[in-house]
Amino acid sequence: MLGCFSLIVSAICMATDSSNTSPPKNTNAINHVILISVDGLRSELLQSPLIETHPSMARLLRGPHTFEARTDPDSTVTLPNHVGMVTGRLFAGPSGHNWLGNSNPPKPGAGGTLNEMHGEYVASMFDVASDRGVATAVVVAKSKFVLLDQSYDETNGAVDIVGTDDGRDKIDTFITCKESDQVVSETLKFIQHSAEKGGRSLSFVHFAETDSAGHAGAWDLADETEYRKAVLRVDSAIGRLLSGIDSNAALRGHVAIVLTSDHGGGVPPRSHTDSKAPINFTIPFLVWLGVDQAPSDLYAINTTRIRPDKAENPRTEGAKPIRNAEAGNLVLMMLGLPAIPNSSVNAAQDLILIPSVGTTVR
Ligand SMILES: [Zn+2]
């Protein structure tokens, strides 16, 4: 699967370079992957007609995506869903990450790590990447994400038993930002630095102002509402990120982006806590493979995932929707890395991005 993915992405990249007359070189690999979460982003913002006002997110639609992804079946709040994204686990059950809290966590030793909550170590995408020498960053806009820093620091992270010892601290750069422009500046600084060193990187990037504006203005999709203005600001920030990548020869064509959300919002009107409300659990899931491609439908490509009824966020194994928690194991696959130990969502790394021969893409 991994080889197939790399080959196809290379072929796509090569095909876009009409000036290439020399023998193919492996210069088109994805070396950097950014997992972006836009907090409280409803799918309608990425669909017609509203997408027309969001040119940067529209560009990220030039690849496989769906507007019918799902949050965790039991939670439509921030921390449990983000923990799901980076650990490849759902919230509930013996194999779940079990982190229910959604405010600043206590200190480590007082219940403030994922390990303490679950009862045993909960590995993450940062473990898999860091243990294999891939630089890792968390650039977020809410203080409660310190949970990740605490859970994977030099004291509480697992011992690295894979190859060279890269240490217990699984997150090389952890930054809490005040606003979206700073999120972009810090992210660009991190991946540019990684590229200058000739290395690869995995970043988890979080934009928060969409959620704050949703709480203030009831996720109102009308023009000029606080929520809509916040989405415009985040789109503009993502535009700066894409420009920074485009203008750097070491990054252009080598950075892939997965964009999703922790929840939608609007039920109750100024919140998103009702996990049974479709406008809370319906979220986008976009994959941009470093070059603009023809848009494709992730559900049409993936016969192992079932597009759920619009009113449902099914829990049962047999009706497996595409979830935000697929992201951790997906971004590792895109970097050619194995799945997160003991994860359960996309643990087989079988969420595919390229249609197999004969598949009809709607
Ligand atoms: Zn919120």
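Student: To begin with the loops, where is P49 found?
Tutor: In this predicted model, P49 is found in the loop between β1 and α2, the latter spanning residues 55-60.

Student: What makes the peptide bond from S48 to P49 cis?
Tutor: Its omega is near 5 degrees, and the bond is accordingly listed as cis. A cis peptide bond also joins V267 and P268, with omega about -10 degrees, and P268 lies in the loop between β6 (255-260) and α10 (278-281).

Student: Why is N98 called partly exposed?
Tutor: The relative accessible area of N98 is 21%, and because buried requires under 20% while exposed requires over 50%, a value in between is called partly exposed. N98 sits in the loop between α3 (78-87) and α4 (114-118), and its phi, near 70 degrees, is a positive value in a residue other than glycine.

Student: Why does A218 count as partly exposed?
Tutor: A218 has 26% relative accessibility, so it counts as partly exposed, given that the class lies between the 20% and 50% limits. A218 follows α8 and is placed in the loop between α8 and α9; phi of A218 is near 65 degrees, again a positive value in a residue other than glycine.

Student: Which residues of helix α8 are buried, and what do they pack against?
Tutor: In α8, residues 209-217, the buried residues are E209, T210, D211, A213 and G214, each of which therefore has under 20% relative accessible area. They pack against β1 (32-38), α7 (180-196), β5 (201-207) and α9 (226-246).

Student: How do you know that M125 is in contact with residues beyond its neighbours in sequence?
Tutor: Contact requires heavy atoms within 4.5 Å, and with neighbours within four places left aside, M125 is in contact with L35, V86, L202, F204, G328, V331, L332 and I340. In the largest nonpolar core, which has 47 residues, M125, F204 and F285 touch the most other members. Helix α12 (residues 327-334) gives the most to this core, with 6 residues. Another core, of 42 residues, lies apart from it and includes L50, W219, V255 and I257.

How values were computed. Residues are numbered from 1 along each chain as its sequence is written. This is a predicted model: local features need pLDDT of at least 70, side-chain atom pairs count only at pLDDT 80 or more; totals for chains, interfaces and linings use all residues. Side-chain values use heavy atoms; hydrogens and water are left out. Buried means under 20% relative accessible area, exposed over 50%, partly exposed in between (1.4 Å probe, protein chains only). Helices (H or I, at least four residues) and strands (E, at least two) are DSSP runs, numbered from the N terminus. A nonpolar core is a set of buried Ala, Val, Leu, Ile, Met, Phe, Trp, Tyr and Cys residues joined through side-chain atoms within 4.5 Å.
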